[in-house]
Amino acid sequence: MYRLFSWEHSYFSGKARAYLRYKQRMGGLADGFEDVLATPELMQGLLLPRSGSSAVPQLQAPDGTWVQDSSEIIDFCEAAHPEPAVLPDPTTRPRQAVVAHLLELLADEWLVVPAFWERWYFSEDGRTPSHRGFNEQQWGAVFAAGAPGAARRAAGAALFEQLFGISHSRSEPTGVYAGLVHLGVTEATEAAWQASQHRVLGLLEQHFAVHDYALGGRPSLADFALLGPLYAHLYRDAVSGFALRTHFPLTCEWVERSNGEGALNARSYHQRLYSLGPDGELVGRPANGDAADWLPGDAVPETLLPVVGVFFEEMWPVLCDAMERLTAFIASDAHTPGDELPGKTFFATPGFEQHQTGDGVLTHGFALGEAVGRRMVVPYQMWMLGRLERVLAAATATERGRSDVAGLLAGFDAGPELQALGQRLAGCRVRKQGARLHSVV
Ligand SMILES: N[C@@H](CCC(=O)N[C@@H](CS)C(=O)NCC(=O)O)C(=O)O
């Protein structure tokens with residue numbers, strides 16, 4: 001049996017858990033998986049020694065292999081249990097494969113910023129509305145698991161003060177509040193990040209009015225990745241969850257559908273939907289539209305294309321700049337090729353703070369709407385881009401695939417630039433070994 005070590009309130013845990021649930025419910029994991037709460041004791045005593053990282057989620061495979069990072073968890077399980085596939089085959093579905101990976105990148109490494117901000121902004125002193133109490137409880141439930149209710153809540157509150165300096169979040173950002181600054185969230189940019197999130201949610205609401213999942217009638221990598229921002233932060237957290245339910249109800253329904261819980265009436269992939277036959281007997285009927293499959297002919301739903309458009313408009317220019325910065329860093333005297341690179345997403349990696357904060361060599365200016373700010377370079381994004389590069393290579397290996405992918409990318413102003421991804425990555429390729437990232441010699 002697989003074991004997933006995770007937290008309910010963790011961004012990337014939502015992605016991995018929903019994926020494993022889908023595989024299990026569809027019969028894809030012979031012996032299923034055990035969903036284990038990653039308590040501090042297990043993080044320090046098991047996860048850290050086994051994988052070199054205490055980050056969640058992590059997967060322990062039946063053969064004892066440890067897998068860290070949600071994308072690797074999915075790739076690992078898909079290789080071992082190909083059916084039902086969540087990764088469109090790039091050789092037969094080149095457009096859908098490229099779109100699923102682009103949306104994963106957008107969900108994992110761009111939408112993380114406003115989702116992370118929402119949780120901690122509405123937990124700050126004096127915010128109305130506030131979900132600080134809920135947030136204390138969900139963290140305390142992990143950090144004081146097994147303790148009585150009031151003690152769990154108090155443990156969350158103490159953690160927020162001791163580790164995250166919540167009472168001086170603005171004057172002296174620490175912990176998660178420092179992480180937000182490293183990611184480019186300041187008073188000058190927070191409204192722009194929120195506007196970006198609302199833009200994506202508005203587009204998803206239109207999409208889910210027509211289709212049950214990103215690519216049609218069954219889930220794919222894109223759905224599980226979008227659950228990163230949309231489950232733990234935007235659906236569960238109280239202030240964000242109220243807003244999501246109020247303004248984006250179809251998207252809420254999709255969260256339940258894709259997450260596979262609380263989904264009795266959410267048209268989930270495992271919904272039991274019956275009509276009554278002539279003799280009053282139960283006659284099963286499919287719960288999902290689009291014949292419960294990805295759209296035929298490798299079509300990308302029209303309503304999904306504007307979400308891909310957000311990737312090219314907002315995230316792609318930032319990624320291009322970050323690739324240049326990382327290339328310059330790897331070529332500089334500050335780095336020896338093959339050495340370790342920063343590995344974290346939510347904050348500067350310990351040991352690399354002087355490079356990833358302030359005006360450090362691994363920071364860069366960025367623009368979002370009318371706002372401008374400065375943020376850290378996140379080498380993990382280059383690892384994800386390397387993965388995308390391999391999907392693109394497989395997708396464009398044939399004349400037909402080349403023309404299909406070129407047609408898709410031509411629909412976005414910066415889209416064709418993706419075809420030269422290899423040139424941009426040439427000086428900043430990243431190798432991942434367990435939880436550690438290194439430049440490629
Ligand atoms: N890129 C990783 C990110 C994992 C991650 O950043 N997890 C967060 C919680 S959602 C965490 O454990 N952060 C603490 C740390 O990195 O030490 C993934 O895809 O799983």
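## About the model

This is a predicted model, in which local features need pLDDT of at least 70, side-chain atom pairs count only at pLDDT 80 or more, and totals for chains, interfaces and linings use all residues. Residues are numbered from 1 along each chain as its sequence is written, and side-chain values use heavy atoms, with hydrogens and water left out.

## Overall build

Let's start with the fold: the protein has 17 helices and 11 strands (DSSP runs numbered from the N terminus, helices being H or I of at least four residues and strands E of at least two). Its radius of gyration is 21 Å, close to the 22 Å that the globule rule gives for 441 residues, so the protein is as compact as a globular protein of that length. That radius is taken over C-alpha atoms, and the rule is 2.2 Å times the number of residues to the power 0.38.

Of the 441 residues, 55% are buried (under 20% relative accessible area, with a 1.4 Å probe and protein chains only). Among contacts (heavy atoms within 4.5 Å) with a separation of 6 or more, 68% join residues 24 or more positions apart.

## A look at Phe164

Phe164 sits in the loop between helix 7 (149-162) and helix 8 (175-182). Is this residue buried or exposed? Phe164 is buried, with a relative accessible area of 9%.

Leaving aside residues up to four places away in sequence, Phe164 touches Trp120, Trp139, Leu159, Thr174, Gly175, Val176 and Tyr177. Val176 is 12 residues from Phe164 along the chain, and their C-alpha atoms are separated by 5.7 Å.

Key
Buried < 20%, exposed > 50% of the residue type's maximum accessible area, 1.4 Å probe, protein only.
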